[in-house]
Amino acid sequence: MTKILLNILTHGDELAGLKVADTIRVLYPEIIGHGLDIQIANERAFRSSKRYIDKDLNRVFPGNPTGCYEEIIANELRSIISSYDLVVDVHSTESGSSDIVIVTKFDSNTKETLRALSPKYVLFMNILPDRSLISCARLGIAFEMGSDKAESTVTNTVKGIEFLLFQSKLIGRKEPFGLETKYFEVFGQISKSPGSLLEAEIKNFAPISKGQMFARTADGSPIFAEFDFYPVIFGNNNYETIFGFAACLRN
Ligand SMILES: [Zn+2]
């Protein structure tokens with residue numbers, strides 16, 4: 001039998017994951033512990049209502065038994081994560097982007113699953129070293145469906161998970177998203193100095209051209225793009241040291 005891990009709260013303040021897990025638990029109690037397990041990744045950050053305690057858990061895999069709190073739990077989670085056929089990692093984002101499925105591998109198994117799932121956007125995070133939680137999974141899929149507060153984030157994530165459960169023959173027939181998927185490959189990060197701000201017209205998935213002014217530093221100096229890219233999970237407040245990620249279209 002296929003074993004699936006539904007992993008939530010990799011980021012302790014992304015409570016949509018908790019609602020997703022509760023929904024799945026209520027709808028399909030018979031498969032919990034019989035094909036589907038649910039795990040809270042960063043329990044302590046969740047209890048403290050924080051994204052993380054010492055370091056972003058999604059950036060410290062495979063972990064370190066003598067490291068900081070998140071490095072220690074990453075080291076413990078690694079063997080659990082790698083023991084499943086499929087790991088689903090639930091996130092939410094205040095970047096204004098939504099409907100994104102994230103993978104860190106693009107092998108045939110992953111591609112086939114994505115094709116069947118047919119979400120609006122796929123982000124292949126091709127950044128090495130891959131230090132994400134799903135990096136340790138045989139097949140890992142992260143849902144980034146929207147804002148933590150939005151009901152649609154929960155319903156869309158549940159829809160995706162239900163289709164994956166159906167595909168794994170754990171539950172009866174469920175429909176995929178059924179959209180014409182746009183695939184993006186993330187090849188880098190766009191760094192940000194303190195206080196710098198994006199230009200108002202910069203939107204996720206809208207291309208930025210080489211030489212285009214896309215942001216200003218704290219003292220108002222223009223920042224120009226050094227190459228063509230699609231901004232993804234981009235914003236002023238998403239990350240401390242980067243605006244977000246640079247991607248290109250991919251088939
Ligand atoms: Zn997250």
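Guide: Let's start with a helix pair: H1 passes H5 in a right-handed crossing. Keep in mind that this is a predicted model.

Visitor: How is a pair of packed helices described?

Guide: Two packed helices are described by the angle between their axes and the distance between those axes. Here, H1 (residues 16-27) and H5 (residues 151-167) pack at an angle of about 50°, and their axes are 9 Å apart. That angle makes H1 oblique to H5.

Visitor: Which residues of H1 and H5 meet?

Guide: From H1 you've got Ala16, Lys19, Val20, Thr23 and Ile24, and they meet Thr153, Val154, Thr157, Val158 and Ile161 in H5. By type, the residues of this contact split into six nonpolar, three polar and one charged.

Visitor: On to the sheet. In what order do the three strands come?

Guide: The order is E8-E9-E10, in an open sheet with antiparallel pairing. E8 (197-198) and E10 (222-224) are the edge strands; each has a single partner strand, so one side of each is left without a neighbour in the sheet.

Visitor: How many bridges link E8 and E9?

Guide: Two bridges, in the antiparallel sense, with E9 covering residues 213-216. If you want a spot to look at, Leu197 stands opposite Arg216 in E9.

Visitor: And which domains does the domain assignment give?

Guide: The assignment gives domain 1 (4-167) and domain 2 (188-249). Five residues from domain 1 and eight residues from domain 2 take part in the contact. On the side of domain 1 that touches domain 2, one residue is nonpolar, four are polar and none is charged. As for spacing, the C-alpha centres of domain 1 and domain 2 lie 26 Å apart.

Note on methods:
Residues numbered from 1 in each chain as written. Predicted model: local features only at pLDDT ≥ 70, side-chain atom pairs only at ≥ 80, totals over all residues. Pairing = 2+ DSSP bridges. Helix = DSSP H or I, 4+ residues; strand = E, 2+ residues; numbered from the N terminus. Domains from an automatic or database assignment. Contact = placed C-beta atoms within 7 Å. Nonpolar A, V, L, I, M, F, W, Y, C, P; charged D, E, K, R; others polar. Axes fitted to C-alpha atoms, helices over the stretch in contact; angles between N-to-C directions. Parallel < 35°, antiparallel > 145°, perpendicular 65-115°, else oblique. Left-handed = near helix turned anticlockwise from the far one by under 90°.
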